[in-house]
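Biologist: Please put the model up. I will ask about the ligand shells, then the core, then the sheet.
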Amino acid sequence: MKTEFSLAQLADPDIAEADKILRACVHCGFCTATCPTYVLLGDELDSPRGRIYLIKEMLEKDRPPTAEVVKHIDRCLSCLACMTTCPSGVHYMHLVDQARVRIERDYSRPLTERALRAVLALVLPRPELFRASMIMARLARPFAALLPAKAAAIPGLMRRVKAMLALAPKSLPPPGPSGGSVFPAQGEKRGRVALLQGCAQQVLAPRINQAAVNLLTRHGIEVVLVRDEQCCGALTHHLGQDGDALARARANIKVWKKEAEQGGLDAILITASGCGTVIKDYGFMLREDRDFAGPAAQISALAKDITEYLAGIALTPSSQKGDVTVAYHSACSLQHGQKITGLPKELLSKNGFVVKDVPESHLCCGSAGTYNILQPDIASRLRDRKVANIATVKPDMIAAGNIGCMVQIAGGTSVPVVHTIELLDWATGGPRPGLN
Ligand code: SF4
Ligand code: SF4
């Protein structure tokens, strides 16, 4: 794609990066076929190619985005299916990330929209606030039934509030172990890792990291929950609030680096793939920061999805589970963001599960961070489509590697939705998952 940035514009490293990405696009449109919003809405401006044009215009003309541009960028799930499909290697993620920052900086959203985004950015990265908000949401849940069932009959803000209430669980488990906890290896020590504590996950499903700790320590790996670790920054990063996201990235880099220097770390393991994609991108996000560029790249290199690390360990199956059919839901952040596709399925198969691929597995379930709150109509259509596809393989359980997808899918099915690591823990001596 031909671009027309001035030399002065190209002196800005972000614009230079955008120019490189835009020039790689050859307008072929292959990406449209796998873009969930184009598949649902059929509008070129809701396709990757259409959005790329909108972003090019906005950046080249260096003018505030219009409401029309914001509408179509907001509808993008950042699922990155377009990056998997694109034959020219267009790095759409770095382009849309930049567009979101621009929108946040230069566009004045309506007051209710700003308020909602501010609340999400405040609450979601802070487990204690998130826990309190979930308790309040539980109390408010009965009132959601008073709202009309038909989405079109509910005003925009209330529709989002209804979507938030629907995501709140009926009960909350007690909190898991806190930062600073160390779980020694059982038997001969073979390694030492940090385990990302996560934000929403540690409130909604501390059992996921508990399963990871059980499995790892059982196989000779010491696990540390690093003290003073924060939210990885993914939530605010996707809202275009880069000041907050980068501050969190820097804070994490500091504490992880200190832990690696003092105790040694083979890896920083992540059980929520949405977080993993962003931590693996810290090196890029902080590339212009003189003090943090090097450490950020080191931390990104240490970051691993838990399945990547487990691939290097000989797991010892122990329990008799019988034939359990598992529908594997491939989270977008794992399959498109980190290009981890076959590994979780191989681990599950090797450990005795009957693993089924889900039709249209490239399409997002609609979770996408805060998307299911901010764009509830598209998100629920995607969820219903995903759940219908899953039902065709008649699973006993559904496995995924990302808490956002798990909550989203669980909202549309009675089949237990569990994390891949819970199944692997079960297969190697842990409890049967899906009962709490
Ligand atoms: S990230 Fe997903 S929703 Fe956004 S343009 Fe690409 S394929 Fe479409
Ligand atoms: S597939 Fe790639 S090159 Fe083709 S239009 Fe989409 S982003 Fe551009």
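Biologist: Which helix gives the largest share of the shell around ligand 2?
Modeller: This is a predicted model, where local features need pLDDT of at least 70, side-chain atom pairs count only at pLDDT 80 or more, and totals for chains, interfaces and linings use all residues. Residues are numbered from 1 along each chain as its sequence is written, and chains are lettered from A and ligands numbered from 1 in the order in which they are written. Helices (H or I, at least four residues) and strands (E, at least two) are DSSP runs numbered from the N terminus. The largest share of the ligand 2 shell is three residues, and they come from H4.

Biologist: Which residues come nearest to ligand 2?
Modeller: A residue is near a molecule or strand if its C-beta atom, placed from the backbone, lies within 6 Å of it. Around ligand 2 there are 15 residues. The nearest are Cys 25, Cys 28, Cys 31, Cys 86 and Val 90.

Biologist: How many nonpolar residues are in the shell around ligand 2?
Modeller: Ala, Val, Leu, Ile, Met, Phe, Trp, Tyr, Cys and Pro count as nonpolar, Asp, Glu, Lys and Arg as charged, and the others, Gly among them, as polar. In this shell four residues are polar and one is charged. The nonpolar residues number ten.

Biologist: Which helices each supply at least two residues of the shell around ligand 1?
Modeller: That shell has 13 residues, with Cys 35, Pro 48, Cys 76, Cys 79 and Cys 82 the closest. By class, ten are nonpolar, two polar and one charged. The helices are H3 (36-41), H4 (48-61) and H6 (81-85).

Biologist: Is Glu 128 buried or exposed?
Modeller: Glu 128 sits in helix H9 (residues 127-144). A residue is buried if 20 or more other C-beta atoms, placed from the backbone, lie within 10 Å of its own, exposed if 12 or fewer, and partly exposed in between. Glu 128 has 10 other C-beta atoms within 10 Å, so Glu 128 is exposed.

Biologist: Which residues touch the most other members of the largest nonpolar core?
Modeller: A nonpolar core is a set of buried Ala, Val, Leu, Ile, Met, Phe, Trp, Tyr and Cys residues joined through C-beta atoms within 7 Å. The largest such core has 123 residues. Those touching the most other members are Ala 212, Ile 268 and Leu 269.

Biologist: What is the strand order in the open sheet?
Modeller: Two strands pair if DSSP finds at least two bridges between them. The sheet has five strands with mixed pairing. Its edge strands, S1 (182-183) and S5 (303-305), each pair on one side only. The order is S1-S3-S2-S4-S5.

Biologist: In which sense do S4 and S5 pair?
Modeller: Leu 269 stands opposite Lys 304 in S5. S4 and S5 share three bridges, and the sense is parallel.

Biologist: Which residue in S3 is the bridge partner of Phe 183?
Modeller: S1 and S3 (residues 221-224) pair in the antiparallel sense over two bridges. The partner of Phe 183 in S3 is Val 223.
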